[in-house]
Amino acid sequence: MTHLLQRLALAGAMTALAVPTVAQTSSALVTKIEKVRDDVGRAKFSAQGDTIAFDRPAERGLYQIYTMRTDGSFERCLTCAHYDLRKTNAFNPAWHPSGDLVVFQVQKQARRLDLGPIEMATANRGLFSDLWIADVGGKRIWQLTQVVPNGGAIIDPHFSYEGSQLLWSERVVSRVGRWGTWVLRVATLKGDKIPRLAKPQVFQPGRQKLFLTGSAFTPDDRGVFIAGNREEGQRENGMDIYRVDLATKRAERLTHSRNAWDEKARVTAKGDRILWVSAGEITLRDAGAEPKLPLEQLRELWVMDLDGGDKQRLTYFNHPGANESLRAAIVNDFSQSPDGSEVLMHVIWPWRDRPRESLFRLELDESFHRR
């Protein structure tokens, strides 16, 4: 794959971070971690591996959706020229597998998104959000959903591998718990000239009906990965990962950390493991005596087997002994390249009393590479 950094170094400060050799502060599965650009939000590889979609602040601090080649060239804004979106936040893009369409969230009651790192990384960033979709040229754009005006929210859209289905999480009750009551929706994408959603299905697995978010489809499109605090008495900051069969609605639990945040499970490009983000193993000593973020919401990138076994930590942003250490950081989202060799990570951390977000690149060892 074309090296990602050829032009990004011109757009922002670039800091290469050599992976330390101490076992407790590095992973043998990682060969390099480097920061490639500041002030960039969530970034996603296209299925073809030649283009990246990402969000970043534009005019008045409002977020917009951009695309660029993996070498950093041909950067263009998909949403900036559309009048309906000039006073909104457009963020969190996801590619259609064809590479021709990008779906994203639009926060119609726009805010500057400067509430803090936690609010930027969780459901508050999706308040008053709907799903929109644009062609890759940015010439045509369509609204897909219409949430209720009082506390409605939609977050984290994901296309199926085949491309005919769309998964998202939607808040249906606002004044329950910390973030309300959420459900998963899976709908069919239809329309050759005007995209629209049809035949939505609703899923709400588990006994506790609080926060719930979708992470991705399984490679056969017969199931989805989700995260939620679904067990009775489980804290809202204690998220676990489940694999849900769409036909039977049976949920298989893959993590068991009632007091730590687990989210964003996705099968690797090679298809033999699962990447996800987790607060597991992060201690108060690692994050600092008085962390500015809740300890259980700090997150690192992890990998596990398809059945949930052999869990291994890949990053150490929250460890003072690691070269990539940021102290009290959130690996908020990530995208693995189609060839399996690298991962783009959206990382948030406090910096001089304000949240800072940057795009990091992680190189994986050959066991992740597709042949």
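Trainee: Helices are DSSP runs of H or I with at least four residues, and strands are DSSP runs of E with at least two, both numbered from the N terminus. With that settled, where is Tyr 161 found?

Mentor: Tyr 161 is in the loop between S11 and strand S12 (165–173). Keep in mind that this is a predicted model, where local features need pLDDT of at least 70 and side-chain atom pairs count only at pLDDT 80 or more, while totals for chains, interfaces and linings use all residues. Residues are numbered from 1 along each chain as its sequence is written, and side-chain values use heavy atoms, with hydrogens and water left out.

Trainee: Which residues is Tyr 161 in contact with, leaving aside its neighbours in sequence?

Mentor: Contact means heavy atoms within 4.5 Å. Beyond neighbours within four places in sequence, Tyr 161 touches Pro 97, Phe 217, Thr 218, Pro 219, Asp 221 and Val 267. Pro 219 is 58 residues from Tyr 161 along the chain, yet their C-alpha atoms are separated by 6.3 Å.

Trainee: How exposed is Tyr 161?

Mentor: Tyr 161 has a relative accessible area of 44%, so it is partly exposed. The classes are buried at under 20% relative accessible area, exposed at over 50%, and partly exposed in between, with a 1.4 Å probe and protein chains only.

Trainee: And the chain as a whole, how many residues count as buried?

Mentor: Of its 371 residues, 61% count as buried. The secondary structure comes to three helices and 25 strands. Among contacts with a separation of 6 or more, 52% are between residues 24 or more positions apart.

Trainee: Back to S11. What is the order of strands in its sheet?

Mentor: It is an open sheet of four strands, S11-S12-S13-S14, with antiparallel pairing. Strand S11 (153–159) and strand S14 (196–203) are at the edges with a single partner strand each, so one side of each has no neighbour in the sheet. From one strand to the next, the twist averages 25 degrees. For the angles, axes are lines fitted to C-alpha atoms (for helices over the stretch in contact), and values run from 0 to 180 degrees between N-to-C directions.

Trainee: How many bridges join S13 to S14?

Mentor: Six bridges join strand S13 (residues 181–190) to S14, and the two run antiparallel. Two strands pair if DSSP finds at least two bridges between them. Within this pairing, Arg 185 is opposite Val 202 in S14.

Trainee: New topic. Which residues have the most contacts inside the largest nonpolar core?

Mentor: Trp 182, Phe 211, Val 224, Ile 226 and Ile 274 have the most, in a core of 30 residues. Several strands, including S11, S13 and strand S20 (273–278), each supply at least two residues of this core. S16 gives the most, with four residues. Apart from it lies another core, of 20 residues, with Phe 334, Phe 360, Leu 362 and Phe 368 among them. A nonpolar core here is a set of buried Ala, Val, Leu, Ile, Met, Phe, Trp, Tyr and Cys residues joined through side-chain atoms within 4.5 Å.

Trainee: How many aromatic pairs does the count come to?

Mentor: The count comes to eight. Phe 211 and Trp 261 form a tilted pair, 6.1 Å centre to centre with 45 degrees between the planes. The rule takes rings of Phe, Tyr and Trp (its six-membered ring) with centres within 6.5 Å; planes under 30 degrees apart are stacked, over 60 edge-to-face, and the rest tilted. Phe 211 is buried at 2% relative accessible area, and Trp 261 is buried at 0%. Ring pairs also link Trp 179, Trp 182, Phe 211 and Trp 261 into a cluster.

Trainee: Where does a charged end sit over a ring?

Mentor: The charged end of Arg 56 sits over the ring of Tyr 66, 4.0 Å from its centre. Arg 273 lies over the face of Phe 368, 3.9 Å from the ring centre. The rule wants NZ of Lys or CZ of Arg within 6 Å of the ring centre and within 35 degrees of the ring normal.

Trainee: Last one: why is S25 largely enclosed?

Mentor: Because 10 of its 11 residues are buried. Strand S2 (residues 30–38) is joined to S25 by seven bridges, running antiparallel, and Ile 33 is opposite Leu 362 in S25. Strand S24 (residues 342–351) also pairs with S25 in the antiparallel sense, over 10 bridges, with Leu 344 opposite Arg 361 in S25.
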